[in-house]
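Here are my notes on the model you sent over.

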Amino acid sequence: MLMKPVQLRGKHLSLPIIQGGMGIGISRCRLAGAVAKEGVISTAQVGYDEPDFRKDPEAANLRALPRQIRKAKEISGGKGLVGVNVMVVTRLYADYIRTVCEAGVDVIISGAGLPTDLPEYVKGYDVAIAPIVSSEKSARVILKLWDRRYHRTADFLVIEGPRAGGHLGFSNEELADIGTLDYDEEIRKILAVKESYEEKYGVKIPVFVAGGDVYPGGCEARVGARRGRHTGGHAICGYQGVRCL
């Protein structure tokens, strides 16, 4: 299956795939730049080799972020998009967001909580923003809040299912009985939620699905089959090397 290019805030993404953020110094500028050079979204992480990281990690990260982003964009040669993944629970969350915006980051993905104030922090910057959601409820809450409070919507969504890595929005009981979860149905509900905001704002909101499928057609085939049709206007891509709806 061929993956179609997508546009995010007028920026071209030739392959709708996201290289997800990997901590402990893995997705640094060299990896992020090389990945973005292939025409996808990469994410840069920070700080671990700063001399004062152990003593003051926040200061080290805030200082290293602009350098990592600029170097990644230099390596990418203007191709793809360079982003960051900032957890809502992070201390100095607003400072991190404003710092990466000033450094010229293309994309901000935010989860580990609902990024209710993210649109406020990116005002005045040309940056695509996306919440990570795991349920129809979380998608509905964040899109409704951004619509009412900031009169804007998400540039794309990341759906993090029960088989994804990272900070998941599922209970231990749900994960212990993962085989019984009909997560394809939850994906269909999230798609329905975002359709109303696509119509209101006259935009397409791509949805990147994290975890569970190892090739681009997997999720699309199942969701489309259960709908009794193709997924229509929803493009299925990938997150962390996986795929977008």
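How much of the accessible surface of the chain belongs to carbon and sulfur atoms?

1. Start with the whole chain, and keep in mind that this is a predicted model. Carbon and sulfur atoms account for 52% of an accessible surface of about 11,500 Å². Of the 245 residues in the chain, 52% are buried. As for secondary structure, there are eight helices and ten strands.

2. Next, the α1 and α2 pair. Helix α1 covers residues 29-36 and helix α2 covers residues 57-76. Their axes are 7 Å apart, and the two helices pack at an angle of about 35°. The crossing is right-handed. On the α1 side, the contact is made by C29, R30, A32, G33, A34 and A36, and they meet Q68, K71, A72, I75 and S76 of α2. Sorted by class, the residues of this contact are six nonpolar, three polar and two charged.

3. Helix α2 also packs against α3, which runs over residues 93-102. Here the axes come within 9 Å and cross at roughly 25°. Because angles under 35 degrees count as roughly parallel, α2 is roughly parallel to α3. This crossing, too, is right-handed.

4. Which residues does α2 bring to its contact with α3? They are P57, E58, N61, L62, L65, P66, I69 and R70. Facing them in α3 are D95, Y96, T99, V100 and E102. The class count for this contact is seven nonpolar, two polar and four charged.

5. Two residues deserve a look for their backbone angles. L92 is not a glycine, yet its phi is positive, near 60°. You will find L92 in the loop between β5 (81-87) and α3. With a relative accessible area of 34%, L92 is partly exposed. The other one is H151, again not a glycine, with a positive phi of about 55°. H151 sits in the loop between α5 (136-150) and β8 (157-160).

6. Is H151 buried or exposed? Its relative accessibility is 61%, and the cut-off for exposed is over 50%, so H151 counts as exposed.

7. Now for D117, which lies in the loop between β6 (107-111) and α4 (118-121). Its relative accessibility is 28%, so D117 counts as partly exposed. Setting aside neighbours within four places in sequence, D117 is in contact with R149 and Y150. D117 and I142 are 25 residues apart in sequence, with 9.8 Å between their C-alpha atoms.

8. Last one: S135, in the loop between β7 (128-133) and α5. What does S135 touch, not counting residues up to four places away in sequence? The partners are Y183, E186 and I190. S135 and I187 are 52 residues apart along the chain, while their C-alpha atoms are separated by 7.7 Å.

Notes:
Residues are numbered from 1 along each chain as its sequence is written. This is a predicted model: local features need pLDDT of at least 70, side-chain atom pairs count only at pLDDT 80 or more; totals for chains, interfaces and linings use all residues. Side-chain values use heavy atoms; hydrogens and water are left out. Axes are lines fitted to C-alpha atoms, for helices over the stretch in contact, and angles run from 0 to 180 degrees between N-to-C directions. Helices (H or I, at least four residues) and strands (E, at least two) are DSSP runs, numbered from the N terminus. A crossing is left-handed if the near helix is turned anticlockwise from the far one by less than a right angle, and right-handed if clockwise. Contact means heavy atoms within 4.5 Å. Ala, Val, Leu, Ile, Met, Phe, Trp, Tyr, Cys and Pro count as nonpolar, Asp, Glu, Lys and Arg as charged, and the others, Gly among them, as polar. Angles under 35 degrees count as roughly parallel, over 145 as roughly antiparallel, 65 to 115 as roughly perpendicular and the rest as oblique. Buried means under 20% relative accessible area, exposed over 50%, partly exposed in between (1.4 Å probe, protein chains only). Accessible areas come from the Shrake-Rupley method with a 1.4 Å probe; for residues, only the protein chains shown count as cover.
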